[in-house]
Amino acid sequence: MASAPASHRVAAGAPWSPLPRGGFRALTDSAPASVRFSVARRRAARLEVKAAGNIFGDYFQVATYGESHGGGVGCVISGCPPRIPLTEEDMQADLDRRRPGQSRITTPRKETDTCKILSGTYEGLTTGTPIHVFVPNTDQRGGDYTEMAKAYRPSHADLTYDLKYGVRSVQGGGRSSARETIGRVAAGALAKKILKLKSGVEILAFVSKVHQVVLPDDAVDYETVTLDQIESNICRCPDPEYAEKMIAAIDKVRTDGNSIGGVVTCIARNVPRGLGTPVFDKLEALLAKAMLSLPASKGFEIGSGFAGTDLTGSEHNDEFYMDEAGNVRTRTNRSGGVQGGISNGETIYFKVAFKPTATIGKKQNTVTRDHQDIELRTRGRHDPCVVPRAVPMVETMAALVLMDQLMAHSAQCEMFPLNLALQEPVGSANSTPVLAPDLA
């Protein structure tokens, strides 16, 4: 092999010399043709900012869009399995449970929240392509927000949106408004339907606390409570006696121009075993993130929650036993259906705490956008207590988590034959799916 010209040789042990004038390109240009190569001029690095915070899920993925007083709101669902029966009516039922103007204890804003599926279905079946759902805003009153455009509502997102973005939607809450959850609820309705078809999963939520009115834990049987019982009153508490007390508490603050908070309890029955991915994507961690992403949410606990800290290990542990069908079960369920971050087949139950609505009709001290101290009395139409309308939102986020983890589990653990001595296929143990004719 021919050696390099003397001008390009470096003596053994000699230090590297500076590059010739013109840098590396000059050095390569002066090299023999047989070893010459080109180096492209280095380009300035491109700054790319991902639109973070608007997409939920990895496999069953939902992106929401829209503001409270913009043209409309909605979602795009990616990763939905094909050939699932789906119409607007499937989503509308839950959207009707979420919509404003339902009763005297919710915001009087009148929106039908009628959804339209714009893509991703054909002849009533999903096609496996992205599903676009749109809901127009029809009852807008931008004038109600004149004062709020100039001042920050205490405990609202007005200030922090300004601090982060330097600009915000000053009509209503913008993206921080609960109207953003319309896209979630539409997607959650589809997730609930697929979970039911595949594994017989049933997700129900109900109001278990309003201000200081607390529904006793033993007042509701998590294994038998029904949607009809929950929907039998405007507060969505399955116990009629406590529902009346909760409604009275909301009425009192509503007429006073004030607000109160509460707690929503959620249960998920027939959840397949094995959902959840340790260590950072434990099922309870994903549920906590999902619930705390909801507007006005402030707390999450699963199973025994904080009360479990009052017990000893022997009191708290869920002992195992074999049932008549040969399945490993737990005699108690203080774990809330999740152990080690993985579902164990028992009913999952958890609670989500919601703060009092930030926008109230009373005068409050605050600061303007140009940093002046003032008194503010807000106008507009707002829930005196968010928890009755939060019920379908909590169900939605639980369904989106379980759907995403069901697909993750199938992708990882059912790609090859199972160890049937220990594992079971998702959907095989709990129900026989009722599918569309061409799915059977």
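**View A. Arg179 and Asp113 are both buried.** Buried stands for under 20% relative accessible area, exposed for over 50%, and partly exposed for the range in between (1.4 Å probe, protein chains only). The model is predicted: local features need pLDDT of at least 70 and side-chain atom pairs count only at pLDDT 80 or more, while totals for chains, interfaces and linings use all residues. Residues are numbered from 1 along each chain as its sequence is written, and side-chain values use heavy atoms, with hydrogens and water left out. Arg179 and Asp113 form a salt bridge, with 3.0 Å between the closest N and O atoms. Arg179 lies in the loop between helix 3 (158-165) and helix 4 (181-199), and Asp113 in the loop between helix 2 and strand 4, so the pair links parts of the chain 66 residues apart. Helices (H or I, at least four residues) and strands (E, at least two) are DSSP runs numbered from the N terminus.

**View B. Lys116 and Glu88 form a salt bridge at 4.0 Å, N to O.** Lys116 belongs to strand 4 (residues 116-119) and Glu88 to helix 2 (residues 88-98), with 28 residues separating them. A salt bridge requires a side-chain nitrogen of Lys or Arg within 4 Å of a carboxyl oxygen of Asp or Glu. Lys116 counts as partly exposed because its relative accessible area is 47%; Glu88, at 21%, is also partly exposed.

**View C. Further salt bridges.** By this rule the count comes to 22 salt bridges. One of them joins Asp323 and Arg329, with the closest N and O atoms 3.8 Å apart. Arg329 is partly exposed at 28% relative accessibility. A network of salt bridges links Asp94, Arg97, Lys192, Glu231, Arg236 and Glu395.

**View D. Strand 10 (residues 262-269) has 8 of its 8 residues buried.** In a regular strand, side chains alternate between the two faces of the sheet. Gly262, Val264, Cys266 and Ala268 are buried on one side, and Val263, Thr265, Ile267 and Arg269 on the other. Strand 10 pairs in the antiparallel sense with strand 8 (residues 202-210) over 8 bridges and with strand 16 (residues 348-354) over 7 bridges; pairing requires at least two DSSP bridges between two strands. Val207 has Val264 as its bridge partner, and Gly262 has Phe354.

**View E. Thr265 sits in strand 10.** Thr265 counts as buried because its relative accessibility is 1%. Its side chain makes a polar contact of 2.8 Å with that of Ser208. A polar contact is a pair of N or O atoms within 3.5 Å; within protein, one must be able to donate a hydrogen and the other to accept it, and residues adjacent in sequence count only if both atoms are side-chain atoms. Beyond neighbours within four places in sequence, residues in contact with Thr265 include Leu204, Tyr222 and Phe350, contact being heavy atoms within 4.5 Å.
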